[in-house]
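Have the model open beside you as you read.

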Amino acid sequence: MSVEQEKLLVVKDLATTFHTAGGDLPAVGGVSFDMERNQTIGIVGESGSGKTVLSRTIMGLQQRTNVTVTGSVLLSGFEMVGASEDDKRKRWGTEVAMIFQDPMTSLNPVMKVGKQIDETLRVRLGMSKVDAKARAIELLELVGIPSPQYRYDAYPGQLSGGMRQRVVIAIALACSPQLLLADEPTTGLDVTIQAQILNLLEELKERLEMSVVLVTHDLGVVATRTSRIIVMYAGRIVEIGSTREVFAGHRMPYTRALLESSPKVSNASHTRLTTIPGRPPNLLKLTDGCSFAPRCSYATDKCRVERPELQAADEPGHMFACWNPLPKTRRTVRK
Amino acid sequence: MSNFPQFSVLEEAILVEKPEAKEPLGILFWICVGWIGLNIVGALFANVLPIENPLFQNYSFINSGPSLHHLFGTDDLGRDILARVIYGSRVSLSVGAGAMVIGFGVGAPLGMLAAYRRGRFDTILTNVMYVLLAFPAIIATIAILSFWTPRSLFKIIVVIGVASIPLVYRVIRTATLSVATKDFIIAAKVQGATDRRIIFRELTPNIAPIAISFLLIGVATVIALEGALAFLGLSVNPPTPSWGNMINEARTILQVNPWLVIFPSAALCLFLLCLNFIGDRLRHHFDVTEVKL
Amino acid sequence: MTETREPLLKVSDLVVTFGMGRHQVAAVAGVSFEIYEGETLGLVGESGCGKSTTGKALMRIVEPSSGTIELDGTDVIAQKGKALRNIRTRMQMIFQDPISSLNPRRRIKDIVAEPLDCWKSVTGDERDVLISDLLTKVGIDPKVYGNRYARQFSGGQCQRISIARSLAMRPKLLICDEMVSALDVSVQAQILNLLEDLKHEYGLTLLFIAHDLAVVKNVSDRVAVMYLGRICEIGPADTLYEAPAHPYTKFLLGAALEADPDSPVHGEVLGGEPPSPLNPPSGCRFRTRCPFATEKCVEIEPQLEEVAPGHHVACHYPLTISKK
Amino acid sequence: MLRYVLRRVVMLIAICFIISVGSFYLIHLLPGNITTVIEGPGASPENQAKLYKLLGLNKPIYQQYFVWISNVLRGNLGTSFISQTSVASTIRAALPIDLEIIFLSQILAFITAIPIAMRSARKPDGWLDRAFSAGSFTLLSVPTFIVIVLMVLFISIKAGVPHTGPSSYVSFSQDWLGNLESMALPAIALAIGSFVVYYRVLRSDLIATLQEEFITMARSKGLSQRRIMWRHAFRPSSVALLGAAGVNIGGLLASGFVVQYLLNIPGLGYTLISAIDTSDYLLVQGIVLVVSVGVVLINFIFDFIINIVDPRISRE
């Protein structure tokens with residue numbers, strides 16, 4: 001118990017089900033993991049894997065209608081699942097904050113960006129108007145926006161995508177949260193801007209002693225910037241472990257497929273890509289078996305009827321969900 | 001480019017093997033269609049229906065309430081209200097249909113062409129329409145009808161029809177624009193399709209649902225407008241019955257015979273309600289996101 | 001190696017401008033390149049660099065302001081009316097958004113048959129056989145799916161249907177505009193492999209436009225890098241990635257993320273953002289962000305010059321080739 | 001922003017010019033000799049000469065327009081040959097009544113539509129939302145002229161509420177309380193029509209706005225529901241509301257005419273319809289001109305407010 005209280009985040013059997021016209025859609029099913037302080041973990045998956053829903057459920061942001069959340073999310077010892085909106089609101093911004101995928105839509109288009117920052121400061125921290133403005137300009141400077149005094153009065157539409165994402169980060173950091181959930185923070189940004197933003201996040205994490213959850217579909221984003229990785233498929237964790245272990249010693253065939261099907265800059269041109277057939281399953285029609293079984297070349301009859309639970313691999317903290325795991329050899333990623 | 005179409009989690013999950021996920025039209029929709037149909041049949045075949053002559057004045061039955069003999073009662077001149085309501089629908093229906101034929105006949109092709117061709121043709125036409133749209137159409141309609149005497153059904157149809165052209169133009173242009181910028185239109189061009197083929201094969205089927213639901217709502221608006229004009233005495237002259245002028249005639253004897261107001265009002269409102277409902281359901285059914293008017 | 005062959009497509013000094021007067025933007029500002037028969041040229045760059053506009057200008061979907069485009073000896077810009085529609089069938093294009101590139105209200109077999117129906121080149125049973133054949137080639141069962149509407153398919157499937165449609169007229173040149181960027185990794189790999197297979201089977205020449213460096217390298221024989229409306233470097237894929245000669249290319253490659261925890265920790269990250277094409281810098285367009293820029297870069301615009309066989313770069317101070 | 005306003009001003013002037021040409025030309029729609037039609041067959045020669053001079057009828061038509069417009073710009077809309085009073089003074093007397101009806105009805109419509117739409121949008125498909133959505137959809141199909149007739153029938157006649165029936169208008173200077181009483185029915189009738197439009201527009205726009213990512217962002221900042229609704233959702237959505245109000249103004253005036261006509265309230269509408277009945281064409285022309293220009297001006301003001309609320313619009 002005391003061990004768990006020290007942890008920043010403990011997620012247990014978390015499940016999020018949307019009730020849609022087509023039936024119940026288990027976007028996240030039975031996810032458990034925990035997270036230390038000052039750590040960066042990555043959540044990786046394709047679209048429909050439940051990674052975005054998972055991050056929003058951790059935050060407690062889902063709308064109240066047509067959704068059922070079960071399980072437990074302990075944030076610094078506080079249970080977020082089932083907490084009242086008021087209790088959650090007290091923690092939003094100050095303990096946990098979020099950065100969204102699309103900086104074009106996550107800022108209020110009819111409000112000056114400076115106002116959007118100092119609104120948080122005034123409402124949450126009770127700062128005076130003058131102090132809040134000064135702090136907002138400081139924050140804009142912190143996230144690397146040139147001439148912040150001038151940008152304070154800009155509307156989001158007058159800023160480029162990269163600049164807007166910096167503003168979103170400034171808002172998220174306004175009340176110095178301990179945990180930052182970054183949902184695809186660089187998707188849609190150009191390569192050079194993406195590198196800038198990721199470096200900024202890393203630098204701020206060190207400086208402000210936060211923890212970061214980096215949610216992404218791009219393995220390249222998490223490869224060198226996280227200490228642990230969670231691989232998700234069809235709403236469930238299929239592999240979890242230290243970054244190095246997941247890349248080099250993965251046991252779940254899906255993890256391998258994900259790694260091998262993305263083209264690499266270091267490979268020669270016209271290198272044949274390894275593919276897996278089919279596409280992610282329809283969450284409305286999940287079977288009892290392993291969700292990846294229909295696309296998996298190792299699948300057996302057992303895989304199709306019984307879902308594998310996460311089991312420990314050799315290295316502590318490394319777990320995978322597979323009946324027929326890949327052999328325990330250490331593969332080298334680089335040739 | 002920077003804005004990738006990213007599907008949200010839910011969408012992608014449902015997108016896979018998406019069935020024909022259309023909202024069903026529902027029974028109310030068909031009841032409304034039936035009612036509109038009934039009204040049209042009534043208007044077309046009023047002469048052969050077993051109802052009285054709407055102009056026949058029976059002085060022994062003045063301002064009588066509903067009875068078996070006169071289902072809706074009679075008015076101050078002893079005319080049968082049921083017959084007058086049925087005959088009165090002719091005016092509303094012809095104004096609604098006629099004006100929209102003019103409005104859509106001119107506005108829709110222009111709007112489609114402008115949005116598809118773009119360029120100077122579009123710029124000039126859109127600016128002209130924009131100016132016309134700023135013009136208060138209702139006031140203009142009242143003004144023209146008050147000067148352009150003697151008033152006739154034909155003139156009313158023309159005035160309302162012409163006044164609706166800029167609005168139809170704008171709706172159709174906006175709708176076309178949202179389709180014409182889609183990649184499949186460019187793809188059709190790339191395959192060497194002629195402009196004609198693109199307009200008829202690619203654009204029209206995608207705009208038709210928007211156009212149809214807007215058409216129905218347009219008909220409803222025009223009928224309501226004609227009613228108001230008739231109420232002000234600016235539509236067809238009595239004794240020809242129309243729903244609007246029946247209400248107008250009844251307003252002075254409200255105290256004596258309220259049925260005279262209630263029946264034409266109910267007929268008009270029910271008709272409008274059905275039109276609006278059909279238009280609304282169709283829009284949901286075809287999943288047309290509301291075009292901003 | 002390719003010098004002796006005649007290029008299939010020859011583009012010189014292509015300029016595309018949008019807007020008028022003070023708001024005039026040269027989205028493509030003087031681009032020249034050649035594509036030889038059977039090769040794949042990758043066109044890579046960040047958003048707003050004009051790579052997509054270049055692709056559309058080749059198809060005359062946007063009108064070039066000046067320059068020449070020659071396809072197989074035919075002047076594309078001079079074509080009008082039916083001749084223009086005709087020459088478009090010799091090159092085809094696949095778009096970024098798989099969903100919006102198919103008409104949601106038509107059946108997919110009609111979508112694939114559209115080019116045939118436009119030209120009435122193949123009709124009747126022969127047409128049906130050809131359509132079934134094309135759909136099978138791209139991995140879609142014509143018997144099961146042929147009569148379905150496009151909106152019922154996922155992104156990857158839509159892109160397969162788009163490919164089938166583009167092949168119906170047996171084009172020589174296929175322009176792929178960000179065709180895999182909206183797809184998931186596992187689906188993206190399927191489409192890329194399919195494209196490679198079909199390229200050999202149909203003897204296609206490809207212009208592959210994308211922002212993803214790894215994807216471009218995977219499919220291309222040669223790669224051209226664009227920045228702010230101009231090509232800054234063009235050369236064989238492997239050499240260009242191994243030893244970029246233009247500083248911009250180097251930074252671009254440095255920023256590309258490799259899915260490998262052991263990959264070298266990122267070098268210098270390129271600061272700043274691309275300037276507005278409304279008001280491009282004088283001289284070299286990259287000089288505002290380039291750490292090596294000098295007075296010369298401000299004054300004189302560098303032209304593409306050969307630094308190695310087939311490897312051209314537009315920079316006054318190309319990075320030494322020997323450096324790894 | 002300045003460029004945008006300038007462009008709109010040029011547009012405004014163009015539209016006013018077209019309106020003036022249209023109003024001027026109206027007279028020429030009349031069949032037969034204009035002086036006879038306007039003044040009746042028994043008009044005296046000096047009256048005819050006066051009209052000739054006012055309209056410049058002996059000159060070519062474009063010159064007639066200049067004669068007419070220069071009179072109009074000096075505030076001279078001619079003299080009614082039926083009541084022998086100047087058209088301008090008749091309009092000046094009637095206009096405040098229209099403004100009062102519209103002002104009262106709009107206040108009523110906004111103070112009911114905004115809070116109800118906000119509540120509806122917070123819980124779409126809740127009981128309140130269902131009730132008001134269905135109710136407003138039904139009311140959408142009831143034209144104002146029927147609303148007011150039914151109100152008179154049930155409130156003034158059946159229930160016998162005093163000072164609400166036809167011909168019970170009391171002017172504001174006479175007795176302000178009585179005036180408000182007599183204005184209650186017209187104002188409510190117009191307010192119902194406006195409420196339906198405002199409620200529906202604001203509700204659907206709010207529901208769309210509340211789906212936006214920036215609302216989720218605002219929630220994740222830990223702002224209260226109330227603050228999110230008013231500061232983050234209402235402002236972007238009020239653009240749609242203001243747009244609807246601007247478009248609505250022409251219809252509102254026409255509905256005002258209907259109401260005045262039924263209740264014999266001597267506003268512009270009542271005056272207009274009486275003038276049409278008595279063939280007092282100069283008065284009709286004057287009212288049409290004033291009302292049209294008024295509508296265009298109000299639309300212009302609304303556009304301007306929308307621009308202040310949403311800075312995206314002037315940037316295009």
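First, the housekeeping. This is a predicted model, where local features need pLDDT of at least 70, side-chain atom pairs count only at pLDDT 80 or more, and totals for chains, interfaces and linings use all residues. Residues are numbered from 1 along each chain as its sequence is written, chains are lettered from A and ligands numbered from 1 in the order in which they are written, and side-chain values use heavy atoms, with hydrogens and water left out.

Contact here means heavy atoms within 4.5 Å. Buried area is the accessible area (1.4 Å probe) that two parts lose on being put together, summed over both. A salt bridge needs a side-chain nitrogen of Lys or Arg within 4 Å of a carboxyl oxygen of Asp or Glu.

| Interface | Buried area | Share on carbon and sulfur |
|---|---|---|
| Chain A and chain C | about 4,000 Å² | 52% |
| Chain A and chain D | about 2,400 Å² | 55% |

Helices (H or I, at least four residues) and strands (E, at least two) are DSSP runs, numbered from the N terminus.

Over at chain D, 31 residues of chain A contact 22 residues of chain D. A:Arg89, A:Val110 and A:Glu119 supply 24% of the area that chain A buries there, more than any other three residues. Chain A and chain D share four salt bridges; one of them joins A:Glu119 and D:Arg227 (2.9 Å, N to O).

**The sheet in chain C**

Chain C has an open sheet of four strands in the order 2-1-4-5, with antiparallel pairing. Strands count as paired if DSSP finds at least two bridges between them. Strand 2 (25-36) and strand 5 (74-75) of chain C are the edges, each pairing on one side only. Strand 1 (residues 7-18) and strand 4 (residues 66-71) of chain C pair over five bridges, and C:Leu9 stands opposite C:Leu71 in strand 4.
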